[in-house]
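Hello,

Here is the structure I promised to pass on. Have a look at it, and then read on for what turned up.

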Amino acid sequence: MEKSSWESFFDAYAPQYKDEPYVYNTQAEVDFLEHKFGLQPGMSILDAGCGTGRHSLEFARRGYQVTGVDLSEQMLQEAKNAAASENLQVDFIKANLVDLTLDKRFDLAVCLCEGGFGLLGVGEQPFLRDVGVLKNLHACLKNTGRFFMTTLNGYRFIRQYQDTDVENGTFDNIHCVEHLPIEEYTPSLKGLTLSQKGFTPSEMQLMLYLAGFVCEGIAGGTAGHWNEKKLQMDEMELMVWARKAA
């Protein structure tokens with residue numbers, strides 16, 4: 001099967017991901033999640049869109065049972081290599097979150113740094129695609145399971161783009177989706193378009209409800225700066241946390 005634009009991008013991006021400035025607060029981010037959800041070693045964690053496994057590996061170091069899922073074989077290979085170098089046990093699985101089905105049920109699912117959420121393939125419908133992802137993650141949780149994610153802030157898109165961007169096809173103002181040539185992110189690749197959706201807080205609340213979650217809170221949550229502060233209009237990402245409905 002032919003790779004999607006996003007799979008091609010992440011395969012090419014994998015070797016340099018560890019050098020990005022926002023990856024250096026992984027320990028603090030896992031500290032944040034432990035405190036927020038009262039996590040205890042031995043609990044099961046699903047890292048959806050795990051990439052090179054920075055959060056999966058940190059959870060494993062602290063004694064959690066971790067499953068990491070990602071679309072990119074090269075991202076997963078980086079994760080597996082890192083796990084092997086530290087003798088850490090993590091179950092890494094190649095899968096698209098759109099099609100995700102797992103037999104195991106988890107105490108917590110996380111989907112961090114646009115880990116497959118809002119990243120649109122050709123022909124995928126904005127909103128409907130990601131409601132489906134949320135339903136799949138909901139199905140992976142125990143009845144007492146919790147969910148935490150960070151995703152792109154739609155308000156920032158709205159303030160960033162102009163009517164000219166709508167006219168030239170860079171921004172879809174109906175669905176809050178930006179379309180950018182892949183070489184803007186990865187110069188070694190050309191001829192493909194990366195499409196990603198921004199989400200407003202009210203949209204996220206509705207999507208979670210449709211997927212069977214109770215939204216417990218939304219705040220600012222840009223990678224590397226998690227502190228549960230009020231969402232700023234121009235912030236890169238928002239964070240969302242929820243639980244399975246009773």
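By class, the lining of the second largest pocket holds six nonpolar, three polar and six charged residues (Ala, Val, Leu, Ile, Met, Phe, Trp, Tyr, Cys and Pro count as nonpolar, Asp, Glu, Lys and Arg as charged, and the others, Gly among them, as polar). This is a predicted model, where local features need pLDDT of at least 70 and side-chain atom pairs pLDDT 80 or more, while totals for chains, interfaces and linings use all residues. Residues are numbered from 1 along each chain as its sequence is written, and side-chain values use heavy atoms, without hydrogens and water.

A pocket here is an open set of points on a 1 Å grid over the protein atoms alone, where a 1.4 Å probe fits, with protein on both sides within 12 Å along at least five of seven lines; lining residues have an atom within 4 Å of a point. Of the 15 lining residues, Lys18, Thr52, Arg54, Leu57 and Ala82 lie nearest the centre. Helices H1 (5-17), H2 (26-37), H3 (54-61) and H4 (73-85) each give two or more residues to this lining, and H3 gives the most, with four. Helices are DSSP runs (H or I, at least four residues), numbered from the N terminus.

Elsewhere, H5 (residues 128-139) and H8 (residues 201-211) have axes that come within 8 Å and cross at roughly 50° (axes are lines fitted to C-alpha atoms over the stretch in contact, with angles from 0 to 180 degrees between N-to-C directions).

Best wishes
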